[in-house]
Structures are given as structure tokens and as C-alpha cells.
Amino acid sequence: MNIEKRIRELYQLNPKTKILVEKIHEKAKQLEKNGYDNIRIMNFCGTHEWTITHFGIRTLMPENIELIAGPGCPVCITPGHYVDILIELSFEEYTILSYGDSYKLPGTRVRGIRSLFDAKLHGGKTEVVYSFYDAVKKANENKEKKYVFFAVGFETTIPSTAIPLINGLVPENLYMLSAYRLTPPIMKYLLNNYPEAKLGGIIAPGHVSAITGANSWSFLPREYNIPTVVAGFEPLDVLIAIYHILKMLLFNKPLLINEYTRVVKPEGNIYAKEAINKAYKIVGSYWRGIGFVPLSGATHREEYSDRDILRVLGIEDKPVEDKLPGCRCSEVTLGLAKPTDCPLFLRTCTPNKPYGPCMVSSEGTCKIWTENLPVRIK
Ligand code: SF4
């Protein structure tokens with residue numbers, strides 16, 4: 001489908017979008033007069049990136065507004081050494097259970113094997129599951145086997161293992177490798193370490209905020225003076241978020257606005273947050289290709305450490321160099337490069353044969369761009 005057709009679809013979906021685009025142009029013009037010639041708005045979440053890219057929202061933006069993707073793809077930032085560890089275990093007595101998008105995530109070619117998918121082709125025991133519930137069911141039905149669940153995700157996913165853990169519903173033959181990562185700390189890290197990202201506004205993630213609460217992003221306007229809007233995933237939600245950000249810039253009043261009140265509460269989901277806190281403790285963690293980010297990971301609390309495969313087997317959570325030569329995924333993730341800046345994009349790296357992590361998951365920017373071609377930047 002070409003971009004014009006997608007935009008027509010967008011306007012048919014909701015005629016208000018056209019009015020909103022005009023208002024965005026109006027505000028952008030006023031801002032340009034005030035010296036804002038390049039306003040970079042980061043959408044944290046991969047699903048926002050999909051909405052923006054699929055509906056051609058970038059092409060509808062005025063010249064002085066740039067929409068950039070952020071770190072909101074958990075698979076993209078999952079360390080390569082976790083894949084290596086699981087590949088090794090799949091040739092021992094363990095069957096590895098993984099979500100479909102982590103299944104093709106490249107490691108660092110331990111044993112010459114690239115991913116859990118490739119491990120299966122070489123005789124390793126790896127399987128895809130659709131939920132942690134499926135993993136529990138499988139382990140209960142096959143008590144003679146040992147399983148390891150590859151727990152990848154942000155705050156939205158963590159309750160799916162935390163709640164069964166604290167309720168004693170995880171069978172003894174099911175272990176986990178927690179690759180869980182937390183989202184506010186990575187934004188802090190990005191802003192503290194990469195001022196060149198020059199973020200003029202942030203569209204905060206809707207799904208994550210449903211758990212953490214809109215208030216978990218209040219530090220962005222308070223500490224960094226960045227207008228921030230928690231937004232839903234319809235095109236109209238994204239356009240409203242952009243409009244709010246421009247208004248805040250115009251009035252020089254950076255605030256936190258929750259546009260997604262139909263799902264996100266200021267305090268989030270208290271039950272889910274309590275479950276996370278009971279099952280996991282927050283620790284500093286490595287993000288693939290990015291580095292060690294303080295207080296950004298979740299590891300099993302002592303009382304559940306017998307479910308943590310790293311502790312059970314005494315394996316050190318020690319990152320190895322996992323930036324693949326030529327791949328610019330970590331820069332794409334930090335908003336410092338676009339997929340089209342990568343020389344491998346759609347050449348050696350494609351959704352069928354992903355080379356880097358951003359091409360693996362449906363939330364990875366490179367994959368989203370590939371599947372919604374052409375992506376016109378301006
Ligand atoms: S196109 Fe592939 S190799 Fe290039 S940055 Fe994206 S994931 Fe990495």
C-alpha cells in the first residue's frame with residue numbers, strides 16, 4: 001500500500017485527524033517564528049512507531065517537526081549473552097521456552113549458532129510459547145522434563161510471571177531467565193548520556209503506563225523540562241499527543257499530560273505493581289549495545305531464587321560484546337539514527353533473515369519500517 005493510500009485510510013478512519021494535522025501545522029508555524037526550527041519528538045514505544053509509520057504520520061508533519069523512535073522494543077535491547085546461555089542449555093537437559101519474537105533474536109554465535117530458532121535446527125530443545133501460562137501448562141504436563149522460560153519484556157509483561165510466582169503456581173521443573181527491563185530508567189539514561197538526541201517532547205508508552213501509572217513519567221517535565229504525553233495507539237491519540245507537546249513548547253510550560261485516561265491511571269495498576277515488587281528486586285542491568293543502566297532490571301527476590309536459572313546453575317550475569325559489526329540498532333534504539341542510516345538495512349538484514357535485533361521483533365523500528373515501506377522521512 002502506498003503512503004497516499006494509507007493517509008486516505010487514516011482520514012477515513014477519523015475525519016478529526018485532518019483537522020488535528022492542520023492545527024499541528026499552525027502551532028509548528030508559530031513555534032518556528034520563536035526559533036524552533038527542528039523539534040524532535042520521541043515516541044518511546046514500538047507500537048507508537050508502528051502507528052506513525054503505518055499511517056504515514058511522518059509525511060504529514062511540518063518541516064520543523066521530526067518524529068523519532070525510542071527504546072521501546074524489549075527484544076531489541078535484550079542482551080545477546082542471554083541467548084548464548086539459553087542455546088547452551090538447550091543442548092543439555094533443559095527445554096527453552098520463548099515468545100516468538102525472542103526466538104530469532106541473535107546471540108553472539110556461541111557454538112556457531114545464532115538464535116534459539118537456529119539451535120532447534122541444530123538439535124537443541126527450543127520451543128515457542130504464546131504466554132507464560134502456556135509455559136506453566138507445558139511444565140505441569142511433562143513433569144519429567146526441565147524447562148527454562150525466556151522472560152523478556154518491560155513492566156507490561158512482568159506481572160505475567162510475578163503473579164504466578166507469588167501465588168506458588170510455578171511448577172518445580174520450570175525455571176526462568178529474567179531479561180526484564182524497566183522503562184523510566186532508560187529514558188533517564190538516554191537524557192543524561194546523549195544530549196545530542198535533543199528531545200523536544202516525549203510520547204510516553206501507553207501499555208507500560210497502564211502498569212506503572214502516568215505519574216512514573218513526571219520526572220521528564222520536572223527534571224528535564226521536556227513536555228511529555230502518555231498516549232494511546234490510535235493515529236488520533238498520537239496526533240493529539242504531538243499537538244499537546246507543541247502547545248506546551250509554545251507556552252514554555254513543560255508538563256505531563258495523560259491523553260490515554262481510558263486505560264492509564266495516574267498511579268497505574270496497584271495490584272500488578274505490588275506483585276512485581278513481591279517477586280522481583282530492582283537491580284542495575286545491561287541493555288544490549290547500550291550499556292549498564294542503573295536500576296533498570298528485575299531479578300528474582302531471594303524467596304523465588306530457586307526459579308532463577310542463573311542462580312540455580314551459578315551462571316554469572318556477565319555481558320559480552322553483543323553489538324554486531326555494522327548493525328546500528330543501539331543508535332536506532334536511542335533515537336540517534338534511523339534504520340535507513342544503516343548500510344545493512346534491507347540488504348543483508350531483512351525480516352526473513354534478520355541480522356540485528358531491531359529487525360527481529362514486531363516492535364523493532366527496522367522491522368516496522370521494512371514492513372511499511374515506503375517510509376518517507378519528510
Ligand atoms: S537494519 Fe538490521 S543491521 Fe541495520 S540497524 Fe537495523 S537491525 Fe541492525
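Is Asn225 buried or exposed? With 11 C-beta neighbours inside 10 Å, Asn225 counts as exposed; the cut-offs are 20 or more other C-beta atoms within 10 Å for buried, 12 or fewer for exposed, and partly exposed in between, with C-beta atoms placed from the backbone. Everything here comes from a predicted model, where local features need pLDDT of at least 70, side-chain atom pairs count only at pLDDT 80 or more, and totals for chains, interfaces and linings use all residues. Residues are numbered from 1 along each chain as its sequence is written.

**View 1. Two asparagines with positive phi.** Asn225 sits in the loop between α11 (219-224) and β8 (228-230). Helices (H or I, at least four residues) and strands (E, at least two) are DSSP runs, numbered from the N terminus. Phi of Asn225 is near 60°, a positive value for a residue other than glycine. Over in the loop between α12 and β9 (256-258) you'll find Asn252, with phi near 55°, again positive in a non-glycine residue. Asn252 is exposed, with 9 other C-beta atoms within 10 Å.

View 2. Because 12 of the 16 residues of α12 are buried, the helix is largely enclosed by the rest of the structure. The buried ones include Val238, Ile242, Ile245 and Leu249. As a geometry check, α12 should span 22 Å at 1.5 Å a residue, and its end C-alpha atoms are 23 Å apart, which agrees; the expected span is 1.5 Å times one less than the number of residues.

**View 3. Phe150 and its contacts.** Leaving out residues up to four places away in sequence, Phe150 touches Leu86, Ile96, Leu97, Ser98, Ser102, Leu177 and Ala179. Contact here means C-beta atoms, placed from the backbone, within 7 Å.

View 4. An automatic or database domain assignment supplies the bounds: domain 1 (3-73 + 183-258), domain 2 (80-182 + 268-313) and domain 3 (329-371). Taken over C-alpha atoms, the centres of domain 1 and domain 2 are 32 Å apart. At the contact, 13 residues of domain 1 meet 14 residues of domain 2. On the domain 1 side, α9 (183-193) and α10 (206-212) each supply at least two residues, and α10 gives the most, with six. By class, that side has seven nonpolar, six polar and no charged residues; Ala, Val, Leu, Ile, Met, Phe, Trp, Tyr, Cys and Pro count as nonpolar, Asp, Glu, Lys and Arg as charged, and the others, Gly among them, as polar. Leu191 lies in helix α9 and is partly exposed, with 17 other C-beta atoms within 10 Å.

**View 5. The shell around the ligand.** 14 residues surround the ligand, and the closest are Cys327, Cys342, Cys349, Gly356 and Cys366. To count as near, a residue needs its C-beta atom, placed from the backbone, within 6 Å. The shell divides into 12 nonpolar, one polar and one charged.

Notes
Two residues are in contact if their C-beta atoms, placed from the backbone, lie within 7 Å.
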